[in-house]
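Subject: Structure handover

Hello,

Here is the structure for you to look over. My notes on it follow below.

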Amino acid sequence: MSETRERKDYTNSPLCLSGRGVTKIFGLGDKKTVAVDHVDFDFHEGEFVSIVGESGSGKTTLSKMLLGLINTSEGEILFQGKPRNISSGRKKREYWKGIQAIFQDPFSSFNVFHKIDSVLLDCINMRGGRMLSHEKKVEMMTEACSFVNLKFAELTNKYPFELSGGQMQRLMIARIFLLKPRILLADEPTSMVDACSRATILDMLLDLRDETGMTIIFITHDIGLAYYISDTVYIMEHGRFVESGKADEVILNPQAAYTKRLISDVPKIHEEWDLSTVELKAE
Ligand SMILES: Nc1ncnc2c1ncn2[C@@H]1O[C@H](COP(=O)(O)OP(=O)(O)OP(=O)(O)O)[C@@H](O)[C@H]1O
Ligand SMILES: [Mg+2]
């Protein structure tokens with residue numbers, strides 16, 4: 001991956017997830033916090049979107065609404081152009097087949113009492129592969145592990161807590177490889193790993209998008225990272241989108257004062273994300 005990676009224009013691609021006036025208010029009266037304040041967005045099929053903002057700007061709150069884990073206070077979320085209906089448990093489970101998440105802390109994503117092969121087997125079963133032969137399942141798990149540079153044979157019979165933080169994050173991506181959701185929401189999934197593994201994981205997410213055409217929504221406070229990886233960026237400040245558009249247009253020619261400040265906090269955006277050096281070191 002390099003600076004010159006071509007960014008496609010997704011404006012005319014089919015809609016995947018949209019929002020109109022999406023708002024979340026926590027608490028009442030004096031204790032009221034408007035965490036997300038009337039945001040509008042259109043994410044398209046296959047688009048790599050980053051939502052960038054400082055701590056407390058509302059990124060995780062918005063992700064939780066997108067996932068249907070918390071209700072919106074106002075506004076509407078549309079899935080594939082139609083109002084999303086997750087009013088019953090059954091409808092929610094149906095929706096979750098299409099959207100999956102990787103969270104900040106990978107350890108929270110796994111049941112620690114389940115061995116790794118059963119974590120991966122669950123993914124195959126959830127995708128309707130329950131009746132496949134054992135050999136076929138092992139082949140699929142091996143493929144998913146090798147996609148993220150893990151060796152399935154070395155992982156069988158291990159528990160998640162026996163892996164390193166970086167291996168856990170790769171295992172999460174292996175799960176996504178098996179689940180193949182239409183949308184992947186990744187809330188700062190790289191926070192636990194060093195810069196080299198981080199570049200590797202980001203490359204894996206891009207490969208996953210290229211291979212499956214899934215939409216990736218990447219949540220980060222790091223505008224350099226967003227520039228490196230995304231087609232489109234949404235810049236979030238105090239619950240609002242202050243600016244959005246093609247990553248290179250927004251970041252190389254920012255209009256909002258907030259975006260300019262985020263960029264000035266990254267001392268040398270070009271040098272830092274010149275990946276010719278990082279890629280050499282990556283595994
Ligand atoms: N359950 C809650 N109850 C009350 N306030 C909340 C709740 N969850 C979040 N908030 C508030 O909403 C605002 C946005 O929080 P959020 O977690 O969405 O920020 P963030 O952008 O994800 O930050 P970070 O980069 O630190 O993860 C903050 O002011 C936070 O205190
Ligand atoms: Mg957060």
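This is a predicted model: local features need pLDDT of at least 70, side-chain atom pairs count only at pLDDT 80 or more; totals for chains, interfaces and linings use all residues.

Let me start with the ligand. Helix 1 contributes the most to the shell around ligand 1, at three residues. In total, 13 residues surround ligand 1, and Phe26, Ala35, Ser55, Thr60 and Thr61 are the closest. Two elements supply two or more residues to that shell: strand 2 (33–44) and helix 1 (59–67). The shell splits by class into ten polar, two nonpolar and one charged residues.

Now the overall fold. The chain has 283 residues, and 37% of them count as buried. Its secondary structure consists of twelve helices and ten strands. Take the contacts with a separation of 6 or more: 69% of these link residues 24 or more positions apart.

Next, the core. In general, nonpolar side chains tend to be buried together in soluble globular proteins. Here the largest nonpolar core holds 66 residues. Leu120, Ala174, Ile216 and Ile217 have the most contacts inside this core. Helix 6 (residues 165–179) is the top contributor to the core, with eight residues.

Strand 8 deserves a look of its own. How many of the residues of strand 8 (215–220) are buried? Six of six. In a regular strand, side chains alternate between the two faces of the sheet. Both faces of strand 8 are covered. One side has Thr215, Ile217 and Ile219, the other has Ile216, Phe218 and Thr220, and all are buried.

Which strands pair with strand 8? Strand 3 (residues 48–53) does, in the parallel sense, over five bridges. Strand 7 (residues 183–187) also runs parallel to strand 8 and is joined to it by five bridges. For orientation, Val52 stands opposite Thr220, and Asp187 has Ile219 as its bridge partner.

Leaving out residues up to four places away in sequence, Ile217 touches Phe43, Val49, Ile51, Ile183 and Leu185.

Last, confidence. The mean pLDDT of the chain is 87, and 86% of the residues reach 70 or more. Residues 275–283 are another matter: there the pLDDT is below 50. That stretch still has 14 contacts in the model beyond near neighbours in sequence.

Best regards

Methods. Residues are numbered from 1 along each chain as its sequence is written. Chains are lettered from A and ligands numbered from 1 in the order in which they are written. Helices (H or I, at least four residues) and strands (E, at least two) are DSSP runs, numbered from the N terminus. A residue is buried if 20 or more other C-beta atoms lie within 10 Å of its own, exposed if 12 or fewer, and partly exposed in between; C-beta atoms are placed from the backbone. Two residues are in contact if their C-beta atoms, placed from the backbone, lie within 7 Å. A residue is near a molecule or strand if its C-beta atom, placed from the backbone, lies within 6 Å of it. Ala, Val, Leu, Ile, Met, Phe, Trp, Tyr, Cys and Pro count as nonpolar, Asp, Glu, Lys and Arg as charged, and the others, Gly among them, as polar. A nonpolar core is a set of buried Ala, Val, Leu, Ile, Met, Phe, Trp, Tyr and Cys residues joined through C-beta atoms within 7 Å. pLDDT is the predictor's confidence in each residue, from 0 to 100. Two strands pair if DSSP finds at least two bridges between them.
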